[in-house]
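Please look over the structure shown here.

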Amino acid sequence: MDNFNPTEPVSSHSDGPDTHLAPELRTPLRDDAFALTDETKIDAIAGHFREIMHLLGLDLTDDSLKGTPHRVAKMYVQEWFRGLNPEHRPEVRLFENRYNYQQMLVERDITVFSCCEHHFVPIIGKAHVAYLPGEHVVGLSKLNRVVQYYARRPQVQERLTRQVAEELKNALHTDDVAVLIEADHLCVMSRGVNDTSSGTLTAEYGGAFGQDAQLRQEFLRLIGK
């Protein structure tokens, strides 16, 4: 721990949460991203956030504000950014497709709550995922958990979409996967251009979804697009 230097630059991580993904799809993390415990991170972040509040001129002796640094730090580590910790990567269990279901399976309107890595403000929206079953199917809640795992970290929507698609391809042992995410970015809505009416859509089509236009259209119809 004595050698931990939070300002020392590193180019990649060797045993982080995304080593099963192609390098361009990995969330940028330091090699020592997991050198500290969650409790240590919370204490350190609380101290830094307390300083930010102090610099903004806030009175940290006020009853409403004095607990805010710890609350924010705990929220960052245990909630907003819990997807950075590989211990939270969901295990995707497959089941034998005994009923020989061969049609598209769609899980739509999965809640997406993420955070823009450029401004650290929320990204809120919905994800729609689909796959073509083969010999196995997956428990439906696992599709939601995969989306939530990759969403709960500093993100850009393009990377998030591809991370979810690649995770599902790996877990389901098929390229026949579709992912569409529609989201509102508070960095667009609450700052800069201050546009509250626009939304962002990203999609990734693998295997048959990328090759068959009718299959893509059927997926879009089923999710109401």
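The text below takes up the pocket, then the cysteines, then the aromatic rings.

This is a predicted model, in which local features need pLDDT of at least 70 and side-chain atom pairs count only at pLDDT 80 or more, while totals for chains, interfaces and linings use all residues. Residues are numbered from 1 along each chain as its sequence is written, and side-chain values use heavy atoms, with hydrogens and water left out.

**The largest pocket**

The largest pocket has a volume of about 1000 Å³. A pocket here is an open set of points on a 1 Å grid over the protein atoms alone, where a 1.4 Å probe fits, with protein on both sides within 12 Å along at least five of seven lines. The volume is the space filled by probe spheres set on the points. Lining residues have an atom within 4 Å of a point.

There are 29 lining residues, and Leu29, Ala33, Lys41, Ile45 and Leu84 lie nearest the centre. Two elements each give two or more residues to this lining: helix 1 (38–55) and helix 2 (68–80). Helix 1 supplies the largest share, eight residues. Helices are DSSP runs (H or I, at least four residues) and strands likewise (E, at least two), numbered from the N terminus.

By class, the lining has 17 nonpolar, five polar and seven charged residues. Nonpolar covers Ala, Val, Leu, Ile, Met, Phe, Trp, Tyr, Cys and Pro; charged covers Asp, Glu, Lys and Arg; the others, Gly among them, are polar.

**Cysteines**

How many disulfides does the structure hold? It holds zero. A disulfide is counted when two cysteine sulfur atoms lie within 2.5 Å. The sulfur of Cys116 has its closest cysteine sulfur in Cys187, at 3.8 Å, which is too far for a bond. Cys116 is buried, at 4% relative accessible area. Cys187 is buried too, at 12%. Buried means under 20% relative accessible area, exposed over 50%, and partly exposed in between (1.4 Å probe, protein chains only).

**Aromatic rings**

The count comes to nine aromatic pairs. Rings of Phe, Tyr and Trp (its six-membered ring) pair if their centres lie within 6.5 Å; planes under 30 degrees apart are stacked, over 60 edge-to-face, and the rest tilted. Two of the pairs are set out here.

| Pair | Centre to centre | Angle between planes | Kind |
|---|---|---|---|
| Phe81 and Phe120 | 5.3 Å | 55° | tilted |
| Tyr205 and Phe219 | 6.3 Å | 85° | edge-to-face |

Phe81 lies in the loop between helix 2 and strand 1 (94–96), and Phe120 in the loop between strand 2 (105–116) and strand 3 (122–131), so their pair ties together parts 39 residues apart in sequence. Phe81 is buried at 10% relative accessibility. Phe120 is partly exposed at 37%. Ring pairs also link Tyr76, Trp80, Phe81, Phe113 and Phe120 into a cluster.

Tyr205 is in strand 7 (residues 200–205) and Phe219 in helix 7 (residues 213–222), so this pair joins parts 14 residues apart in sequence. Tyr205 is partly exposed, at 26%, whereas Phe219 is buried, at 0%.

Helix 7 also holds Leu220. Leu220 is buried, at 17% relative accessibility.

One ring meets a charge. The charged end of Arg153 sits over the ring of Tyr149, 5.0 Å from the ring centre. The rule asks for NZ of Lys or CZ of Arg within 6 Å of the ring centre and within 35 degrees of the ring normal.
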